[in-house]
Amino acid sequence: MMTETQVEDAATRLFEAERNRRQIRLLSLDFPGATMDDAYRVQVALVKRKAASGLTIKGWKIGLTSKAMQSALNIDIPDSGVLFDDMFFGDGGTVPADRFIQPRIEAEIAFVMKAPLSGPDVSIDDVLDATDYITPALEILDTRIERMNKETGKARTFFDTISDNAANAGIVVGGRRSGPRDADLRWIGAIVSRNGEVEETGLGAGVLDHPAKGIVWLANRLHQYGMRISAGQVVLSGSFVRPVEAHHGDAIVADFGPHGTIRIAFA
């Protein structure tokens with residue numbers, strides 16, 4: 001278990017890395033005995049710093065919902081991070097060239113809540129009842145921690161990812177809003193293209209078999225810490241495609257079929 005001093009040290013490194021747009025070395029190398037609880041303690045300390053800097057919490061993101069991503073980080077459950085107001089980009093907008101370090105894009109379904117949601121026994125029906133509407137979304141990932149340490153060849157772990165606010169960086173919402181029960185969420189899909197070439201495709205069922213299941217997990221996990229999902233918050237339910245690298249000059253388009261299209265460019 002990490003000491004409070006170590007937790008604060010790790011959070012400070014991450015805060016400064018994001019502000020300076022420079023990756024730091026793997027935290028898991030410096031804190032090899034850290035647990036998942038430690039990772040969320042670091043994330044909480046990081047979130048407090050971001051809030052103190054003037055940012056406003058707007059919701060949550062759920063990650064590691066696919067078996068492939070869980071296996072890569074040697075974990076068997078999703079993870080979560082916090083959305084801030086400065087992470088929201090307009091559909092059709094352009095991300096400034098100096099905003100991110102190594103951005104990547106994922107296609108997801110966003111849930112916008114009309115009622116609070118708290119555990120411990122949340123069900124899919126509870127999630128749908130508390131949801132105002134769903135809408136297509138893109139998540140912009142970034143990592144303030146190196147993906148692999150060149151000296152040791154060690155890749156980042158769940159501790160690195162969770163501590164780093166679950167690699168959360170940005171969100172774009174667009175397309176057509178739908179009631180949470182007006183569409184089969186398992187069959188909502190997207191075709192993600194970069195500069196006119198298809199990179200990834202996927203369906204909502206790729207997220208734990210139903211996108212609302214991630215929100216069930218999140219609400220029940222937050223209950224353990226005396227927290228909940230609040231009315232008005234946006235929740236990214238998890239990606240159903242592999243991350244698409246986004247470089248300077250790239251144009252990303254996610255076609256959600258009858259649910260509309262989202263676009264974002266990178267300067």
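**Entry 1: packing of α1.** I looked up what the buried residues of α1 pack against, and they pack against α2 (27–30), α3 (36–52) and α6 (158–163). I took contact as heavy atoms within 4.5 Å, and buried as under 20% relative accessible area, exposed as over 50% and partly exposed as in between (1.4 Å probe, protein chains only). Helices are DSSP runs of H or I with at least four residues, strands are runs of E with at least two, and both are numbered from the N terminus.

**Entry 2: source.** I note that this is a predicted model, in which local features need pLDDT of at least 70, side-chain atom pairs count only at pLDDT 80 or more, and totals for chains, interfaces and linings use all residues. Residues are numbered from 1 along each chain as its sequence is written, and side-chain values use heavy atoms, with hydrogens and water left out.

Entry 3: I listed the buried residues of α1 as Val7, Ala10, Ala11, Leu14, Phe15 and Ala17. They lie on the same side of α1 because they cover an arc of only 160° around the axis, the arc being that of the directions from the helix axis to the C-beta atoms. On the face turned away from this buried side I found the exposed residues Thr5 and Arg19.

**Entry 4: extent of α1.** I read α1 as residues 4–20, 17 residues in number, reaching 24 Å from the first C-alpha to the last. That is close to the 24 Å expected at 1.5 Å a residue, where the expected span is 1.5 Å times one less than the number of residues. Arg21 follows α1 and has a positive phi, near 60°.
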